[in-house]
Amino acid sequence: MSETTNTNEDKKLPLNGRRAIPPNNSNDEENEVPEMEAFGLIPRGFNPRDYLRVVDIYMFKDPHEINKQQHHTDKYYNPKLIVRRGQSFQIQIDFNRPYKPETDQFWLEYFMGRYPQQNKGTYIPILVGNVLKPGEWGAKIIHRENNTIRLSIMSSATCIIGKFRLYVAVWTPFGILRTRRNSATDTYILFNPWCQQDAVYLDDEKEREEYVLNDVGIVFHGNAEDVKSRSWSYGQFEENILDACLFLMDKAELELSGRGNPIKICRVASAVINSRDDDGVIAGSWNNTYDYGVAPSAWTGSVDILLEYYSSKQPVRYGQCWVFAGVFNTFLRCLGIPARLITNYSSAHDNNANLRLDFFLDDEGKVDTRLTKDSVWNYHCWNEAWMTRPDLPVGFGGWQVVDGTPQETSDGMYRCGPASVQAIKHGHVCFQFDAPFVYAEVNSDIFYTRREKNGTQVIANIDTTHIGQLIVTKEVGGDGMMDITEEYKFREGSDEERLALETAVMYGVKKQSTQDSTYQPQTDVDMDFQVQKAVLGNDFKVTITFRNKSRNSYTATTYLSGNIVFYTGVTKSEFKKHSFSAKLQPSSSSSFDVMIKSSEYMNDLLEQASFHFFVTARINETGKILAMQKATILEVPTLRIKTKGDLVAGKEMSVIVEFSNPLKQTLENVTLRLEGPGVLRTTKKEFGRIPMNSTLTWEVKCIPTRPGLRKLIASLNSDALRHVYGELNVQIQKP
């Protein structure tokens, strides 16, 4: 903290008539602790050297020593002691003479923030006793030799997390003598998923290794029919990341006394991860122009973003949902809260949370973009954090949805969660926080409403299965996909699903019934369409299939609209319009192909190479409308990564990234990024241009620091081509 801010606070003090102590919401600020606290007048002959005096304190804080090993904190690239709450750790104190328990009295003091108070958990005095009670503050001597004692210290399983300052205090008849302020003895205390009394306790060791200790993960994107994946480096153990994560809580002005509660931490963090309304970490941008910043698709992990924010205190540009979720995951795992990144395919962004997305069609059956306000995101990423929910009835603990992407406000700020996944599944959306919004993201229905020429609105079609059709996360211990749709919803059409919906409606989720409208679906003709898998820059076809189950001949006036869309489902431009009349013979199926040429879409293409097709068909004989929409993603080329030299910790090696330009055009303003936690810090290089059909090669030298299985992640970004990734698993040997 700079000096100027402190003086401002001093000026502010007298104005506040309600508080004796100013808000204590900075882990960084400190108070002065006196080295000699006299009980009264000190006699002239008093010499503090005559009493027990602390010469040195040894913290056992190296990664290979007992504390970091037992507390699973040996991976943090941080020289100070880092322990988890509710579990004992050891320190050693050297005195100027042997300690005599009969006459000598000393105790430990932990301080946090500028205004430490015992009842707020920011001042913790610990007397030395004979027994340690599990999950409560205490200390006992486990070894005495010459002038040295070794202490085992137990922290409370509910204590606040953050950075504490340690002092040793010695009693003398005339006053208390304390050790000097020494930052080398600072102690970080984190959440402890290994401790049964901790609110974030997780009982499965493999899950703890994945959700707390794994520093790389997978982001699933694309769409439900064509799931794509890419790696993301969380880097929660990298240098300065722990301090950056603690700074986020200071930035959010979370009172220090509230920092032992994972519910509060998640709620404030979901607001501070995005820059809306509080100058938080990441500025979102969904408009395909990323001037003065980094395109969201170019990031390969969270470390650069958090470190840039920690040093500049200004929002980092730019992010989209997987970037917010990736950084949020780093924050949670770094503090010790088990967390995972979730992708919901066909995610509803329902502006008024009425469980209904309205798509308005004009009289020709085309979507009217002026009236249509709701959107379907091809996919949306959020996070789940694991914790008990003592504020809710029994049974709603476990995974909680938290979302840092700014979509809608909650209690006046852009934030979302924590909302119990179990409560969402069963429709108990009355339980805080933001459950109705998340329920709508995975359960809304799509209503296609047509405006007749006379101005009346007729519901032409209802699609109840499109939204939230697949919800996934990375599997434990591998890079595969785990389908967790059933954690969020019962099987489509089951009795339990209806019951959950009725429960949600009872608890105030708005649901307009279809009974009050004149909707009769067309039952004797089915329509479906398939989009051929295609590589970027090639032609492909869309096949529309009708199944006429009736004994009548029909003609269907069919309209296909191809749009280039942002992955949020918002249209940028319509690049293909095609209408035809389809003759449907009785009791038979017929298919029709529509060709899409690369010249029709290449000029307008957006970064995710994402198309959205709407097909509407009017059965001329009955006037009924069939409507369907699908998103599709083009195959984008990948980066190839190779290594050269011995893969040994502490020894130089080379990483080679190669890319061949497959497009029928030159790529301009190409940037490559490469990172791998424990192997190399993020490196980037700009290349002016890559002509068509040519190959680019980039060699980076590095010295890996951590042995074991590591992952290298690379991304390529250019004006015409984004979302190009490559990755490689490497086994780094011990030296």
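This is a predicted model: local features need pLDDT of at least 70, side-chain atom pairs count only at pLDDT 80 or more; totals for chains, interfaces and linings use all residues.
Leaving out neighbours up to four places away in sequence, Glu497 is in contact with Phe490, Arg491 and Glu492.

As for Asp445, its place is in strand β23, which covers residues 445-451. Asp445 is buried too, with a relative accessible area of 11%.

Rolling a probe the size of a water molecule over the atoms shows where empty space is left. A search of the whole structure turns up 6 cavities of 30 Å³ or more. The largest cavity has a volume of about 190 Å³. Its lining is made of 18 residues, and those nearest the centre are Tyr439, Asn443, Glu492, Glu497 and Leu501. Helix α11 provides the largest share, with 4 residues. Sorted by class, the lining of the largest cavity holds 8 nonpolar, 3 polar and 7 charged residues.

What about the second largest cavity? Its volume is about 100 Å³. This second cavity is lined by 13 residues, with Asn223, Ser346, Asn378, His466 and Ala631 lying nearest its centre. Here the elements that give two or more residues to the lining are β18 (375-387) and β33 (625-633). By class, the lining of the second largest cavity divides into 4 nonpolar, 7 polar and 2 charged residues. Strand β33 is also where Ile633 sits. Ile633 is buried, at a relative accessible area of 8%. Between Ile633 and Tyr234 there are 399 residues along the chain, and their C-alpha atoms are separated by 26 Å.

Now for another set of annotated residues. For "active site", the unreviewed UniProt entry lists Cys321, His380 and Asp403. They are spread over 83 residues of sequence, yet they cluster in space, with a largest C-alpha distance of 9.9 Å. Cys321 is part of helix α7, which takes in residues 321-335. A relative accessible area of 0% makes Cys321 buried. Setting aside neighbours within four places in sequence, Cys321 is in contact with Trp286, Trp377, Tyr379, His380, Cys381, Thr405 and Tyr567.

Not counting residues up to four places away in sequence, Asp403 touches Ser270, Phe328, His380, Cys381, Trp382, Arg415, Cys416 and Glu441. With one of these, His380, there is a polar contact between side chains, at 2.8 Å. His380 is also among the contacts of Cys321.

Most residues other than glycine have a negative phi, and most peptide bonds are trans. Against that background, Gly417 and Pro418 are joined by a cis peptide bond, with omega at about 0°. Pro418 belongs to strand β22, residues 416-420. Another cis peptide bond joins Gln432 and Phe433, with omega at about 5°. Phe433 is in the loop between α8 and α9.

Positive phi values turn up as well. Asn146, which is not a glycine, has a positive phi near 50°. This residue is in the loop between β7 (138-145) and β8 (148-154). At 66% relative accessibility, Asn146 counts as exposed. Asp279 is not a glycine either, and its phi is positive at about 50°. Its loop runs between α5 (262-272) and β14 (282-284). Asp279 is partly exposed, with a relative accessible area of 44%.

How values were computed: Residues are numbered from 1 along each chain as its sequence is written. Side-chain values use heavy atoms; hydrogens and water are left out. UniProt positions are given in the numbering used here, feature names are shortened, and annotations may be inferred rather than shown by experiment. Buried means under 20% relative accessible area, exposed over 50%, partly exposed in between (1.4 Å probe, protein chains only). Contact means heavy atoms within 4.5 Å. A polar contact is a pair of N or O atoms within 3.5 Å; within protein, one must be able to donate a hydrogen and the other to accept it, and residues adjacent in sequence count only if both atoms are side-chain atoms. On a 1 Å grid over the protein atoms alone, a cavity is a set of points where a 1.4 Å probe fits but cannot get out, and a pocket is an open set with protein on both sides within 12 Å along at least five of seven lines; lining residues have an atom within 4 Å of a point. Grid points are joined across faces, edges and corners, and a volume is the space filled by probe spheres set on the points. Ala, Val, Leu, Ile, Met, Phe, Trp, Tyr, Cys and Pro count as nonpolar, Asp, Glu, Lys and Arg as charged, and the others, Gly among them, as polar.
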